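Here is a short report on one protein model. Look over the sequence and the structure first.

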Amino acid sequence: MKIKVALNTKSRELSNALEAENGKARASTASAMDILNATEIAEKQLAAFGIAKSSRIGAELTYTSGGSVAKAYKYTRIANRIKAVRGGSFWYVTSIERVELFPNQDGGIKVGLNADQEKTALSQVRSKFYNI
């Protein structure tokens with residue numbers, strides 16, 4: 001699977017893939033707009049690390065839907081785990097899976113970097129400090 005994530009995408013390919021995976025579940029599952037927002041947050045994180053847009057190709061995103069719930073909630077929730085890869089200009093969803101979250105688990109966004117991106121990010125962080 002390789003679905004382009006963009007606001008102006010004319011097809012409902014991403015929404016259809018989510019509906020097929022989720023069935024009737026709606027409460028803690030992801031929508032196409034949630035995925036678009038997650039990719040925008042990932043772009044901001046990559047920019048904060050000083051990674052140029054041309055060097056962002058190959059970065060990976062793992063987004064798990066579903067926020068926190070009250071401690072009194074004792075049942076598992078159905079959520080989605082979406083994996084996406086940064087292409088030349090856009091993010092592309094590579095997998096959508098249905099997962100169960102326990103009450104003590106939250107969703108969230110994790111961004112993975114390749115070796116060159118990691119070097120750039122580390123040099124950006126190190127430039128803000130000096131050796132003693």
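A polar contact of 2.6 Å joins the side chains of Asn22 and Asn80. The term denotes a pair of N or O atoms within 3.5 Å; within protein, one must be able to donate a hydrogen and the other to accept it, and residues adjacent in sequence count only if both atoms are side-chain atoms. The model is predicted, so local features need pLDDT of at least 70, side-chain atom pairs count only at pLDDT 80 or more, and totals for chains, interfaces and linings use all residues. Residues are numbered from 1 along each chain as its sequence is written, and side-chain values use heavy atoms, with hydrogens and water left out.

Asn22 belongs to helix α1, residues 13-22. Is Asn22 buried or exposed? Asn22 is buried, at a relative accessible area of 2%. Buried means under 20% relative accessible area, exposed over 50%, partly exposed in between (1.4 Å probe, protein chains only). Beyond its neighbours within four places in sequence, Asn22 touches Thr29, Ala30, Asn80 and Arg98. Contact here means heavy atoms within 4.5 Å.

**Strands**

Two strand pairings share β3. Strands pair if DSSP finds at least two bridges between them. Helices (H or I, at least four residues) and strands (E, at least two) are DSSP runs, numbered from the N terminus.

| Pair | Residues | Bridges | Direction |
|---|---|---|---|
| β2 and β3 | 60-64 and 77-86 | 5 bridges | antiparallel |
| β3 and β4 | 77-86 and 91-101 | 10 bridges | antiparallel |

β3 and β4 make a hairpin, with 4 residues between them. Which residue of β4 is the bridge partner of Ile82? That partner is Ile96. Ile82, in β3, also stands opposite Tyr63.

**Whole protein**

The protein has 3 helices and 5 strands. Along the sequence, their order is β-α-α-β-β-β-β-α. The C-alpha trace spans about 55 × 40 × 20 Å along its principal axes. Of the 132 residues, 31% count as buried. Among contacts with a separation of 6 or more, 65% come from residues 24 or more positions apart.

The protein exposes about 8,600 Å², and carbon and sulfur atoms supply 52% of that area. Accessible areas come from the Shrake-Rupley method with a 1.4 Å probe; for residues, only the protein chains shown count as cover.

There are 20 positive and 12 negative charges, and their mean positions are 3 Å apart. Lys and Arg count as positive, Asp and Glu as negative; His and the chain ends are not counted. Each charge is placed at NZ of Lys, CZ of Arg, CG of Asp or CD of Glu.
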